[in-house]
Amino acid sequence: MPNKNSKNTLQLDLSVLLLKMDPAWISFLDAEGISWATVNSDDLIKNHTASVFVLPKGTPKSIAENCYALALKGACLICEPDTEPVMHLDEIHYCKMPYDDQNFCGLEDKNNSRAIRVKRGKLGQGTVFCLPFCLRPLWESWGRARRFVNVGNGQLIYEEMSAIVKKNVRRVVIEIIKQAFFRQGLPFTHKWYFPGKNRSVLCFRGDADGGPKENFKCWLDAVRPFSTSTSVFFCTSKYTHKKDLIVAAANAGLEVGSHNHWHIVFPDRFTNSKSLIRAETVLNSADQHPTGFVAPAFFWHPSLYHLLEQRGYLYASSFRVNHDGIPYFPVVNGRIGKVLEIPYHCLGDRFPVSNIPLDGEISRRFFETLIKKKYSAGEPMFLYGHPDIKGRMGTSPELVRFILETAMSYSDVKPLQLSPYAKWWRQRTDLKVESFYDVKSSRVGFRNESRLSPKLPDLMVRVEFPNGESYLADPNLYAPKGLPRDEMVTFSPLYLPNAYDVGEVVYKRPDLITPWHSWRNRRMIRRFAEAYWQVYRS
Ligand SMILES: [Zn+2]
C-alpha cells in the first residue's frame with residue numbers, strides 16, 4: 001500500500017503487519033530481521049503501510065474481516081489455521097514446501113499432508129497463504145525426542161534433542177513470507193545475519209565434560225591458532241581440582257563459559273540455582289566471569305532459563321530448545337526471553353557410537369559437506385565437540401584442525417567467539433530498519449535510527465528480488481529516493497538445504513527404531529535421583 005504517492009515516486013513499505021501480538025511471531029520476525037508493526041484497532045488497519053499481513057490464531061474477527069477486505073484490493077495475507085477466509089478463496093491449489101512429509105520431522109502427523117503443504121488462494125486481487133500449523137506451539141516447544149541425523153554415507157546417527165525440528169518450521173515460514181512479497185512483485189528484505197559482507201560466522205564450541213587432562217591439552221593446542229572463534233564451557237564439578245585447565249583455556253585466548261556445575265538440569269528452580277551459582281563460583285575462582293551458558297546434554301527447564309535471565313547471562317545454547325539456525329530470543333512460558341538462544345548443529349563427535357572412526361574419511365567428508373552447506377545457505381557455522389571425554393575431539397586434534405581450517409578457508413566467514421557475536425546480535429535486534437521499495441524507479445531504500453546515532457556500522461540488509469537477484473545494502477547510506485541495484489553489493493543467492501542433505505534430521509519410521517522408552521525412563525529416574533543425592537548429600 002502506498003505511503004507516498006506523487007508524480008515521480010510510489011514508495012511501498014516492505015514490512016509485515018502483525019495482526020495480533022503473538023510472542024512466537026515477534027520472536028521469529030525479530031530474529032529474521034524483518035521489519036514489522038502491529039495494530040490494535042480496526043481503524044489503524046485502514047491506515048497501514050505494510051505489504052504483507054500475518055494473522056496469527058486468535059486474531060479478532062473484526063480485524064480479520066478488515067484484512068479480507070484489503071486482500072480483495074490486492075493485499076497479501078498469511079493466515080494461521082482458523083483465521084483464513086476459507087469460504088472466499090476462489091482459486092485453491094497447493095504449493096509444495098521444501099520438505100516432503102516423510103522428512104518434515106517435528107510435525108508428527110505423517111498422514112496429514114497439510115503438514116508440509118501450504119494452501120494458497122486468490123481473494124479478489126490479493127493472495128492468501130494458509131499455514132498448516134500455528135507457529136507458537138511449535139516455536140515454544142521444549143519437548144524431547146530421539147532424532148536421526150544424516151551422516152552422508154547412508155548411515156544415521158541419533159541424538160536426543162528438541163522434538164520439533166524448528167529449522168524446518170523456520171524454513172517453511174520464511175519461504176512463505178518471501179513468496180508473499182514476491183507475488184506482489186516486491187523484493188524481500190531483512191537485516192543480514194552476520195557483520196559486514198560476511199556470508200557466515202564460525203563459532204566453534206568445546207563442551208568440557210571432564211576426562212583425561214592430556215586430552216584437554218591436546219584439544220587446546222589444536223584450537224589455539226583459532227582462539228578468536230573458539231569458546232569453551234566447563235561442567236565445573238569435574239574441574240574443581242583441575243582449575244589450571246580453565247586458566248590455560250583463558251590464557252590461550254578462548255572465551256570461557258558455564259556448562260553448569262552438575263551435568264544435568266533439574267526440574268526445580270532451587271536446585272538449578274544451586275548448580276548454576278556453584279559453577280559461577282568455580283569459574284570466578286579461576287578469574288572467569290561467564291556470560292554464556294551451554295545446557296548439559298538434552299537437559300533444559302524453564303526455571304533454569306529464568307535464572308539465566310535474572311543472573312544477566314547474554315546467551316544460552318540448548319539442544320532441547322533448538323538446533324541449527326540463527327540466534328533468537330525464545331518464547332518461554334508465553335513471554336519472549338531476554339537470554340539469546342544460539343542453536344548449534346546437533347552432531348558433534350559421537351561418530352564412534354555408530355562405529356564410525358572419529359577422524360576418518362566419513363567424518364571428514366561429513367564436516368566438509370556440512371560446512372559447505374551452511375556456507376551456501378548463509379547459516380552460521382555453530383559446530384561443537386568435547387575436548388576431554390575419552391575418544392572424542394581431544395583425541396582427534398587433526399580432525400579439529402581440519403574442521404577449523406575448512407571453515408576458515410572461506411574468505412567471507414568471520415571467526416567470532418559467542419559472546420561478541422551475541423552482543424552484536426542484540427544490537428542488531430535493537431536497531432530498527434524499515435525498508436521501502438520505489439515501484440517507479442525499482443529502488444530499495446531504508447529508514448532507520450542509525451543515522452541519528454550510529455550504533456551498528458557493520459549491519460547490512462539483504463535484498464532479494466523476485467527474479468532471484470540478491471544483494472547486500474548498507475542501510476546507513478542516505479538515499480531518500482532509494483538505492484539503484486548497481487549501488488548495492490551483489491550477493492550470491494542463498495540455497496535452501498535439501499531434506500536429504502548431510503547434517504539434516506531425517507525421518508525414521510517409529511517401527512524401525514528399537515523400543516527404548518521403558519529403559520530410558522528408568523535410567524532417567526535413576527540419573528535424577530543420583531544428581532539430587534550429589535547436590536544435597538552434605
Ligand atoms: Zn556436556
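**Overall fold and selected sites**

Tutor: The protein chain has 13 helices and 28 strands. Keep in mind that this is a predicted model.

Student: Among contacts between residues at least 6 apart in sequence, what percentage join residues at least 24 apart?

Tutor: Contact here means heavy atoms within 4.5 Å. For contacts in the protein chain between residues at least 6 apart, the share joining residues at least 24 apart is 73%.

Student: Which residues are the protein donors of the zinc ion?

Tutor: The donor atoms lie 2.1 to 2.4 Å from the zinc ion. In sequence the donor residues follow the spacing D-x49-H-x3-H. Asp209 is in the loop between β13 (200-208) and α6 (213-223), while His263, 54 residues apart from it, is in the loop between β15 (255-258) and α8 (269-285), so the pair links distant parts of the chain.

Student: Is the site of the zinc ion tetrahedral or irregular?

Tutor: Four donors count as tetrahedral if all angles lie between 85 and 135 degrees. The four donor atoms of the zinc ion give angles of 55 to 133°, and the site is irregular.

Student: Is Asp209 buried or exposed?

Tutor: The cut-off for buried is under 20% relative accessible area. Asp209 has a value of 11%, so Asp209 is buried.

Student: Asp82 has a positive phi although it is not a glycine; what is the value?

Tutor: Most residues other than glycine have a negative phi. Asp82 lies in the loop between β6 (76-79) and β7 (92-96), and is exposed, with a relative accessible area of 62%. The phi of Asp82 is about 75°.

Student: Asn260 also has a positive phi. What is the relative accessible area of Asn260?

Tutor: Asn260 is not a glycine, and its phi is about 75°. The residue sits in the loop between β15 and α8. Asn260 is buried, with a relative accessible area of 0%.

Student: Are α1 and α12 roughly parallel or roughly perpendicular to each other?

Tutor: Helix α1 (residues 23-32) and helix α12 (residues 418-430) pack with their axes 9 Å apart, at an angle of about 110°. Angles of 65 to 115 degrees count as roughly perpendicular. Therefore α1 and α12 are roughly perpendicular.

Student: Which residues in α12 do Asp30, Ala31 and Glu32 in α1 meet?

Tutor: By class, the contact of α1 with α12 has two nonpolar, one polar and three charged residues. On the α12 side the residues are Trp425, Arg428 and Thr429.

Student: Why is helix α9 largely enclosed by the rest of the structure, and what do its buried residues pack against?

Tutor: Helix α9 (residues 302-310) is largely enclosed because eight of its nine residues are buried. Among them are Leu304, Tyr305 and His306. The buried residues of α9 pack against α8, β16 (292-294), β17 (315-317), β18 (331-332) and β19 (335-336).

Student: Leaving aside neighbours within four places in sequence, which residues is Ser354 in contact with?

Tutor: Ser354 lies in the loop between β20 (340-341) and α10 (361-377). At 19% relative accessibility, Ser354 counts as buried. Its contacts are Gln155, Leu156 and Ile157.

Technical notes. Residues numbered from 1 in each chain as written. Predicted model: local features only at pLDDT ≥ 70, side-chain atom pairs only at ≥ 80, totals over all residues. Heavy atoms only, no water. Donors = N, O, S within 2.8 Å, 3.2 Å for Na, K, Ca; no water. Tetrahedral: all angles 85-135°; square planar, octahedral: opposite > 155°, others 65-115°. Helix = DSSP H or I, 4+ residues; strand = E, 2+ residues; numbered from the N terminus. Buried < 20%, exposed > 50% of the residue type's maximum accessible area, 1.4 Å probe, protein only. Axes fitted to C-alpha atoms, helices over the stretch in contact; angles between N-to-C directions. Parallel < 35°, antiparallel > 145°, perpendicular 65-115°, else oblique. Nonpolar A, V, L, I, M, F, W, Y, C, P; charged D, E, K, R; others polar.
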